Amino acid sequence: MIGSLCLGVLVLTAWRILNWVWIKPKKLEKILRAQGFKGNSYRLLFGDIKQLAAAKKEAGSKPINLADDILPRVAPTVVTAIRQHGKKSFIWIGPKPLVHITDPDLIKEVLNKFNDFQKPRGGNPFINLVASGLASAEGDKWVEHRKIMNPAFRFEKLKDMLPAMYLSCSEMTSKWEEMVSTEGQCELDVWPYLETLTSDVISRTSFGSSYAEGRKICGLQKELAVLVMQAVQTLYLPGMRYLPTKRIRRMKEIDNEVRSALKTIINKRLKGMQAGESIHDDLLGMLLESNSAEIKENRNMKYGMTIDDIIEECKLFYFAGQETTSDLLVWTMILLSQHSYWQERAREEVLQAFGSNKPDLDGLNHLKVVNMILLETLRLYPPGVILGRAVFEDIKLGEISLPAGVLLHLPVILLHHDKEIWGDDAKEFNPGRFSDGVLKATKGKPVYFPFSSGPRICIGQNLAMLEVKMAISMILQRFSFVLSPSYTHAPYAFITLQPQYGANLILKAL
């Protein structure tokens with residue numbers, strides 16, 4: 001009997017493995033091809049992973065000219081697939097087909113129907129070490145967490161964060177002023193300074209008095225992101241997270257250290273709240289206050305966030321708040337370095353609004369030219385190049401029937417650079433296209449998604465835009481800047497879109 005039971009288990013296991021690596025992928029391939037989708041034939045287990053890794057490596061191996069199309073470098077797998085197989089194409093991520101959705105209306109439908117088209121799950125678990133929280137929550141959990149977090153990101157709350165932004169920007173610009181003081185100018189890679197700036201801002205706006213601990217956590221998160229990106233370059237097989245490799249051990253060490261540090265900060269705040277201390281006006285304070293109100297309103301702990309939930313949201317504060325904002329800042333400076341006309345227009349507007357004084361909330365919100373420049377920068381260099389979704393049940397998308405098990409890629413940057421949408425100057429820097437707002441620039445079409453769209457649009461977009469406006473305004477008040485001859489143009493999709501070799505500029509004191 002025991003032998004028969006063991007044999008049955010072996011047969012069942014063998015069947016599941018065979019179904020996973022061959023039967024199901026071939027079934028999905030047949031369904032997709034019947035609807036006109038094209039792609040490579042499925043290769044056992046690995047699919048297109050080896051070719052995709054080689055394409056990414058080749059694309060990132062050499063820089064490009066300023067006038068070159070950045071798409072083959074930042075989205076090589078999508079560009080190659082569409083070039084070879086057309087817009088209705090798919091690639092293989094191991095045994096799962098990944099379908100490219102390039103029609104703007106279909107992308108809008110995917111992003112609006114967030115319960116039907118959810119974030120991919122069950123893939124590489126190392127990704128969740130960097131940040132999960134609201135970004136990966138689904139269903140009722142996402143609704144509950146979004147409701148609790150919304151108060152912290154309301155526009156009227158942003159005014160309380162301006163002093164922290166101003167202090168961090170002042171520290172950075174003061175360092176730059178010292179560097180240019182001797183000769184009136186200096187060559188500088190501004191990228192690491194902008195990364196430090198946004199790290200400082202998110203540390204101060206998230207944790208206030210615990211700013212020093214926040215900076216340490218941000219540094220650890222950055223190291224973790226590098227290790228995680230290395231880990232996801234290869235096919236993940238079940239159980240690999242338990243292998244005692246040097247990289248995996250270090251990832252787990254960092255995660256444990258970050259969680260421990262955040263838990264200490266959170267518990268200290270909770271004890272203060274219980275003792276009747278006033279609520280801090282930073283993101284953590286507002287999150288804890290909103291969470292407490294939700295629990296009291298429902299008289300049930302299950303309606304609020306747990307300590308682990310709050311830790312994950314804090315980790316997300318760091319990753320999203322630091323990475324995306326520094327990306328927008330650095331590409332804005334790089335583009336303004338190339339286009340002196342727009343740099344001068346922006347400076348004129350800033351000086352007219354503030355002179356040499358501290359920028360204020362009302363003035364920042366009325367910077368029309370600066371806002372146009374930021375919108376155009378986000379069009380050309382969106383932090384998130386591609387959005388990923390997954391299909392967990394058979395579903396219709398427009399006229400397409402998508403079977404459960406299919407992954408979706410929404411290549412945002414392809415829409416942002418499409419000449420059929422934006423005109424012949426689609427790949428050129430022209431902030432004037434946004435002079436009458438996004439709706440007029442897009443002719444009302446769903447073709448602009450720098451912060452995603454639909455119900456899951458980035459909760460921190462107003463905070464990010466305000467921070468960038470503050471930083472750019474203070475830089476323009478003090479410096480002019482151009483590209484250094486040593487600048488190397490190499491946009492690189494490393495989680496977010498970054499300059500692979502930094503951003504060497506020549507700063508001049510005004």
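A pocket here is an open set of points on a 1 Å grid over the protein atoms alone, with protein on both sides within 12 Å along at least five of seven lines; lining residues have an atom within 4 Å of a point. A volume is the space filled by probe spheres set on the points, which are joined across faces, edges and corners.

This is a predicted model: local features need pLDDT of at least 70, side-chain atom pairs count only at pLDDT 80 or more, and totals for chains, interfaces and linings use all residues. Residues are numbered from 1 along each chain as its sequence is written.

**The second largest pocket**

The second largest pocket has a volume of about 420 Å³. It is lined by 25 residues, and V438, Y448, P450, I457 and Q461 are the closest to its centre. Helix α21 gives the largest share of the lining, five residues.

**Strand β2**

Strands pair if DSSP finds at least two bridges between them.

| Partner of β2 | Sense | Bridges |
|---|---|---|
| β1 (residues 90-93) | antiparallel | four |
| β8 (residues 407-410) | parallel | three |

W92 stands opposite P97 in β2. H100 has H409 in β8 as its bridge partner. Two residues separate β1 and β2 in a hairpin, and G94 in the turn has a positive phi of about 65°.

Notes:
Heavy atoms only, no water. 1 Å grid on protein atoms, 1.4 Å probe; cavity = no way out; pocket = protein on both sides within 12 Å on 5 of 7 lines; lining within 4 Å.
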